[in-house]
Amino acid sequence: MTQPTALPTPPPPVSGPTAAPGDPRTSRVLLSRFLRHRLAVASLIVLVLLAVCCFGATWIAPSPRNAQNLLDASQPPSGTHWLGTDSLGRDYLSEMLYAGQLSLAIGLGVALLATLVGTAAGAVAGYLGGWADEVIMRGADLFLIVPPVAVLAVSLQGLGPSPVTIVVVLSSLGWTLIARVVRARVIQLRHQEFVEAARVIGASGPRIVVRHLLPNLTGLIVVNVSLSVAMAIILESTVSFLGYGIQPPRSSWGNMLTQAAGLIGTSQSYLLYVPGLAILITVLAVNFLGDGLRDALDPQGRQ
């Protein structure tokens, strides 16, 4: 009598399909990780409020840009002028908001342009290697030894103190750091199994870089954007404070520091502290936000 054939053992139950990168569950996980970083959440709120107030200054500011009233010059804070007025009778809160437009725009412009150039250069250098790697990295080394404040001051003297010049010069100096970080990470990833599998099925080099390598660098890129924003705001404020940057009638937080520098020790010394505090709060908030996004996108990067 023949024995009955044994049935195959059924596979163990699966709790559910793995969430794909675009799956809503993945977004919920990233959001929950970010919300656990309280400083990052608070920083995001602060930055959103700053952006809304500064870029919406046309509707929010108590007075128009550069509206002078010499009869109200050098007034202390009051119900009419919350931060007082400067020596030209301009409402200082309004000038702070309009100046913040320029400072924040320069920071964002430098961060986006430098990150775009640096990410592309680092990915190409790390993936191709060889002579391409040598040329790109030796070029990056040349930019790293250049003092940014001196180069920016000389460029503004020669080309004019325009925001576009500041963005271009700072971006041309700031791409090197992200390029080196991206290159090092791409070198680690280019021999991984998923990259080799993409090559086997015939994926081209650009497709591998864009579709497979760059998504694994999201945390690094986000942190670099935040650091670049902070660096650009500080450098612009430095050259403007030294007198080489944004010139009146345009205002930035940096040249507001310059205009108030002579008030130290007087009853209006707070006019120096207000733009300095705005710069400090913005830089700290951007850095904390970058930390929170990094922890959410790459939780292993903290270890």
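This report describes selected local features of a predicted model.

**Gln268 and its surroundings**

Gln268 sits in the loop between α11 (253-260) and α12 (270-297). With a relative accessibility of 10%, Gln268 counts as buried. Leaving aside residues up to four places away in sequence, Gln268 touches Ser74, Gln75, Thr85 and Leu263. One of these, Gln75, is 193 residues from Gln268 in sequence, yet the two C-alpha atoms are 8.6 Å apart in space.

Most residues other than glycine have a negative phi, and most peptide bonds are trans. Ser74, a contact of Gln268, has a positive phi of about 60 degrees although it is not a glycine. Ser74 belongs to the loop between α3 and α4, and its relative accessible area of 36% makes it partly exposed. Asn66 is likewise not a glycine and has a positive phi, near 55 degrees. The loop that holds Asn66 runs between α3 (57-60) and α4 (92-128). At 23% relative accessibility, Asn66 counts as partly exposed.

The peptide bond from Pro248 to Pro249 is cis, and its omega is near 10 degrees. Pro249 is located in the loop between α10 and α11.

**Cysteines**

How many disulfides does the whole structure contain? The search finds 0. For Cys53, the closest cysteine sulfur is that of Cys54, 6.8 Å away, which is too far for a bond. The cut-off for a disulfide is a pair of cysteine sulfur atoms within 2.5 Å. Cys54 is therefore in no disulfide either, as its nearest cysteine sulfur, that of Cys53, lies at 6.8 Å. As to accessibility, Cys53 is partly exposed at 29%, whereas Cys54 is buried at 2%.

**The aromatic pair**

The count of aromatic pairs comes to 1. Phe143 and Trp175 form this pair in an edge-to-face arrangement, with 5.8 Å centre to centre and 70 degrees between the planes. Phe143 lies in helix α5 (residues 130-144) and Trp175 in helix α7 (residues 163-189), so the pair ties together parts that are 32 residues apart in sequence. Phe143 is partly exposed, at a relative accessible area of 34%, while Trp175 is buried, at 11%.

**Accessibility of the residues discussed**

| Residue | Relative accessible area | Class |
|---|---|---|
| Cys53 | 29% | partly exposed |
| Cys54 | 2% | buried |
| Asn66 | 23% | partly exposed |
| Ser74 | 36% | partly exposed |
| Phe143 | 34% | partly exposed |
| Trp175 | 11% | buried |
| Gln268 | 10% | buried |

**The second largest pocket**

Rolling a probe the size of a water molecule over the atoms shows where empty space is left. The second largest pocket holds about 410 Å³ of space. Its lining is made up of 22 residues, and Gly174, Leu177, Ile178, Asn224 and Leu227 are those nearest the centre. Which helices each supply at least two residues of this lining? They are α5, α7 and α10 (218-241). Of the lining, the largest share is that of α10, with 8 residues. Helices α5 and α7, which contribute to this pocket, are also the helices that hold Phe143 and Trp175.

Note on methods:
Residues numbered from 1 in each chain as written. Predicted model: local features only at pLDDT ≥ 70, side-chain atom pairs only at ≥ 80, totals over all residues. Heavy atoms only, no water. Helix = DSSP H or I, 4+ residues; strand = E, 2+ residues; numbered from the N terminus. Buried < 20%, exposed > 50% of the residue type's maximum accessible area, 1.4 Å probe, protein only. Contact = heavy atoms within 4.5 Å. Phe/Tyr/Trp six-rings, centres within 6.5 Å; stacked < 30°, edge-to-face > 60°. 1 Å grid on protein atoms, 1.4 Å probe; cavity = no way out; pocket = protein on both sides within 12 Å on 5 of 7 lines; lining within 4 Å. Points joined across faces, edges and corners; volume = space filled by probe spheres on them.
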